[in-house]
Amino acid sequence: MALDPGLRRLALHTLLAAFPGHVAPDWAGELLTEGLAGHTLFGANVGEPEQVARLTAQLRSARPDALIAIDEEGGDVTRLGHRTGSPYPGNAALGAADDPELTRRIYAAIGADLAAVGINLNLAPTVDVNSVAENPIIGTRSFGAGPALVARHTGAAVAGLQANGVAACAKHFPGHGATVTDSHLELPTVDVPLAVLRERDLPPFAAAVQAGTRAVMSAHIRVPELTGDGPATFSRAALTGLLRDELGFRGAIVTDALEMRGAAASAGSIPRAAVAALAAGADLLCIGAVVDRALVEAIAAEIAAAAGDGRLELARLEDAVARTAALAAWSATPHRAEPGDGDLGVEAARRGMIVEGDPAELRSPLVVQFVAGHSIAEGRVPWGLGPHLSGVEQIEVPAGETTPEALAAAAGDRPIVLVGRRLHSSPAARTLIGKLAAERPVGVVEMGWPSPWRPEGARVYVVTHGASLANGRAAAEALGLHHAA
């Protein structure tokens, strides 16, 4: 059966595709001329700012109002800074500083950076309340563990981004902060009553709506009382009933990547996930990072078929297209530019940092960075104190594959500064720290989500609330290990 060209065009207008490389392939531009809403850029698309600007101009030559999206949260999740780390601290550090005006300025600077290279939709801020300390996917991406704190910084972040003409997308509705599994890998369940959700997780989304966020991203999480057996992305009760009707959101609902197992596996395929999301009330479907023309065409064909056979109401598809078009129109409108401040990121990182003890006890140390993994959302981004050390040796070791004796031999008579992420969750790291601290001056730098744990015997304990380039410099400065040229 031939695909109806009108339905295909409507279907394409609900899709955010992606492609590899620093130059868009021909099909990426061709689909834009045929109705595709836009593309999401990932680290593999990003080189120098001039290259990104050329890439976005190439895409806009095919469609002037194309949506060009990116995950630029600052902190641990950065695409523009994926080769060096972000020059801005992430949400956890901003929440620790707890100055909403500082948060607004940081997000205005991020918006200025994005606008300068032609990106008009930021899949940020993350507004999840990180109520579970061992959350594997949110952590330092969250402003904090309390709904009131997260809500006031959410409003500031949205205002900062959108002041520079970059649409904000508050995520991950109805709240990913209480999960203990990663929706990239499976479908997490948050089994709480709706009353808990309303009290704990929804206030930041209400703040985002009040601040005028142009978009909200759905989460691939299951809340049985709200979403039944499927994810919120496929739940009409969540997207239409709760977000639209109860919170009054009138902008574009964007899905998290449909390639994630929390969505694709739940629906049986990415094309089926696309239909389920649209039927629930989503407007703009983020396919993910691994996309080619064949996948886009398969998704568009499934949406068009569903609109033709009644699985998806045509009016619902047309409504999604209208909301996506409104987002594109807003993003294509010139806005007043608020320039960034080159020193702002480090200033904010300093304010979001905790330093316990006297760094003077750690003169001329050996710096030991523990090898740490990364989430799919973060990707492999450089982190740590290394780029900021002035005449100080650093080595990198796996905590579980080294000994206190080996590190002591490497240090000689020097103090040791140990740097890691989520050190409290590594028995090997905790053992190493304890044994070394019993024998010599030791400092510890925690660059992940903090915990009540404190390293016994350590002379200095630094909590950065994140591992961005700015966080690393702030920590190196606090320890007296960085000296400006």
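A: Two packed helices are described by the angle between their axes and the distance between the axes. Here, helix α1 (residues 5-12) packs with helix α14 (residues 314-331) at an angle of about 50°, their axes being 9 Å apart. Angles under 35 degrees count as roughly parallel, over 145 as roughly antiparallel, 65 to 115 as roughly perpendicular and the rest as oblique, so α1 is oblique to α14. The axes are lines fitted to C-alpha atoms, for helices over the stretch in contact, and the angles run from 0 to 180 degrees between N-to-C directions; helices (H or I, at least four residues) and strands (E, at least two) are DSSP runs, numbered from the N terminus. The model is predicted, local features need pLDDT of at least 70, side-chain atom pairs count only at pLDDT 80 or more, and totals for chains, interfaces and linings use all residues. Residues are numbered from 1 along each chain as its sequence is written, and side-chain values use heavy atoms, with hydrogens and water left out.

Q: In which hand does α1 pass α14, and which residues make the contact?
A: The crossing of α1 with α14 is left-handed, a term used if the near helix is turned anticlockwise from the far one by less than a right angle, with right-handed used if clockwise. Leu7, Leu10 and Ala11 of α1 meet Leu314, Leu317, Glu318 and Val321 of α14, where contact means heavy atoms within 4.5 Å. By class, this contact has six nonpolar, no polar and one charged residues; Ala, Val, Leu, Ile, Met, Phe, Trp, Tyr, Cys and Pro count as nonpolar, Asp, Glu, Lys and Arg as charged, and the others, Gly among them, as polar.

Q: How are α10 and α12 arranged relative to each other?
A: The axes of helix α10 (residues 236-246) and helix α12 (residues 270-280) come within 7 Å and cross at roughly 25°, and therefore α10 and α12 are roughly parallel to each other. α10 passes α12 in a right-handed crossing, with Arg236, Leu239 and Thr240 of α10 and Ala277, Ala279 and Ala280 of α12 making the contact. The classes in the contact of α10 with α12 are four nonpolar, one polar and one charged residues.

Q: Which residues touch the most other members of the largest nonpolar core?
A: In soluble globular proteins, nonpolar side chains tend to be buried together. A nonpolar core is a set of buried Ala, Val, Leu, Ile, Met, Phe, Trp, Tyr and Cys residues joined through side-chain atoms within 4.5 Å. The largest one holds 96 residues, of which Leu15, Phe173, Leu285, Ile287, Val296 and Ile303 touch the most other members, and helix α13 (residues 293-309) gives the most to this core, with eight residues. Leaving aside neighbours within four places in sequence, Leu15 is in contact with residues including Leu36, Leu285, Val296 and Ile303. A second, separate core of 22 residues includes Val392, Val417, Met447 and Ala475.

Q: What is the phi of His465, and is His465 buried or exposed?
A: The phi of His465 is near 60°, a positive value in a residue other than glycine. His465 sits in the loop between β14 (460-463) and α18 and is buried, with a relative accessible area of 9%. Arg422, which is not a glycine either, has a positive phi of about 55°, and is found in the loop between β12 (416-420) and α17 (427-437).

How values were computed: Buried < 20%, exposed > 50% of the residue type's maximum accessible area, 1.4 Å probe, protein only.
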